[in-house]
Amino acid sequence: MNDRASGPDRAEREELARLLPVPAERDLPPGRHLHHKEKLMQLIDQDHDRATARPRRRLPRPAVLLPAAGLALGGVLFTSLAMTGQDHNPAPSTARSSATAPRGATMLLDRIATVASKSDAPKVTDGQFVYVRTLQAENEGVFGGPVKLGKPGEREVWMTQKSGPVVDEGLIHQDGTYFPITVGVPDGEEPVGSPAGLNRPTYSWLASLPTDPDALLRRLAAEITADQDARDVPADERNPDQDAFEAIGGLLRETLMPPETAAALYRAAARIPGVSVDSDAVDAAGRQGIGVARDDERAGWRTAWIFDAKTLEYLGERTYLTRDTSMGKKGTVTNESAVLERAVVDALREKPGTTA
């Protein structure tokens, strides 16, 4: 390490070293681990907020027939209040930037990918369901108006793993009530099922994705573009880098996937410009960790994926405003969640360790 480093730079390096302790079970040989740790302390970037006034467009899931918008399966986004890293000014273009995330974030994501590749995720068959139990606090205010963050509440989701197309995608249990997840169709028309894909990511579809990070980003970009074309999203409202970050975040949040796919997604995220390290991230369950974040500058908020600082296990997400907007003051939390349990079950309403 550079002995000449001093002052704020040295303090930042030591802080990142503190945030990334050696896991109990090393995922790298000692020499490689020390190499990465030293690099992480050397390569911390300054964060610079740059705001514009245009709201973002999120990739919607297929229409969900539910009594309240807050129950839609597409989960919430999360971000921490303290962040180090390099910002990127996104251009409203369909072409991806050749830049990448700051090296500190790249190294953190590489470590997370290494851990993910060694996980013992179970395999899932077409006839089974992925069960995800989360704790979520959502914005209950009027869209575009002041944020009214609800109290954290538990939600259970069962998603079919059939390759499809399917009309009945799964089931949600929230506030003591079960709500079917069904593809929405206009009145009087025949329902058209939703196939497996980015909007309905099954285990087998996730397993089919390329594991080369660059090839994976190209595959996701093609699916995102096709979805936006189908919805006639104007070109100046598209942001390939932000769209890719949000798409990967949705996959991490809502699925159970093969270890090699998870590792590839983390390494792909490291190639997205503007991704940075969030040093003080907290999920909806109050678990403090370290985050991987990106600013949506048009919308004026920041999203972070939160990981346990010791095990590097995915914990949840958080979103908060990075400037004063019609939604509230800078720093206002708009959404937060925590993943409490993931499992494979054989039937709707069946919970891990029980029968339906």
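Visitor: Where does E336 lie?

Guide: E336 lies in strand β9, residues 333–345. Strands (E, at least two residues) and helices (H or I, at least four) are DSSP runs numbered from the N terminus. This is a predicted model, where local features need pLDDT of at least 70, side-chain atom pairs count only at pLDDT 80 or more, and totals for chains, interfaces and linings use all residues. Residues are numbered from 1 along each chain as its sequence is written, and side-chain values use heavy atoms, with hydrogens and water left out.

Visitor: Why does E336 count as buried?

Guide: Buried means under 20% relative accessible area, exposed over 50%, and partly exposed in between (1.4 Å probe, protein chains only). E336 has 14% relative accessibility, so E336 is buried.

Visitor: Why is the aromatic pair of W158 and Y178 called tilted?

Guide: Rings of Phe, Tyr and Trp (its six-membered ring) pair if their centres lie within 6.5 Å; planes under 30 degrees apart count as stacked, over 60 as edge-to-face and the rest as tilted. Here the centres are 6.1 Å apart and the planes 35 degrees apart, so the two rings form a pair, and a tilted one. W158 belongs to strand β2 (residues 153–160) and Y178 to strand β4 (residues 177–182), so the pair ties together parts 20 residues apart in sequence. Ring pairs also link Y131 with W158 and Y178 in a cluster.

Visitor: How do you know that α5 is roughly perpendicular to α7?

Guide: Angles of 65 to 115 degrees count as roughly perpendicular, under 35 as roughly parallel, over 145 as roughly antiparallel and the rest as oblique. Axes are lines fitted to C-alpha atoms, for helices over the stretch in contact, with angles from 0 to 180 degrees between N-to-C directions. The axes of α5 (residues 213–230) and α7 (residues 259–269) come within 8 Å and cross at roughly 85 degrees, so α5 is roughly perpendicular to α7.

Visitor: Which residues make that contact?

Guide: With contact meaning heavy atoms within 4.5 Å, they are P213, L216, L217 and L220 of α5, and A264, L265, R267 and A268 of α7.
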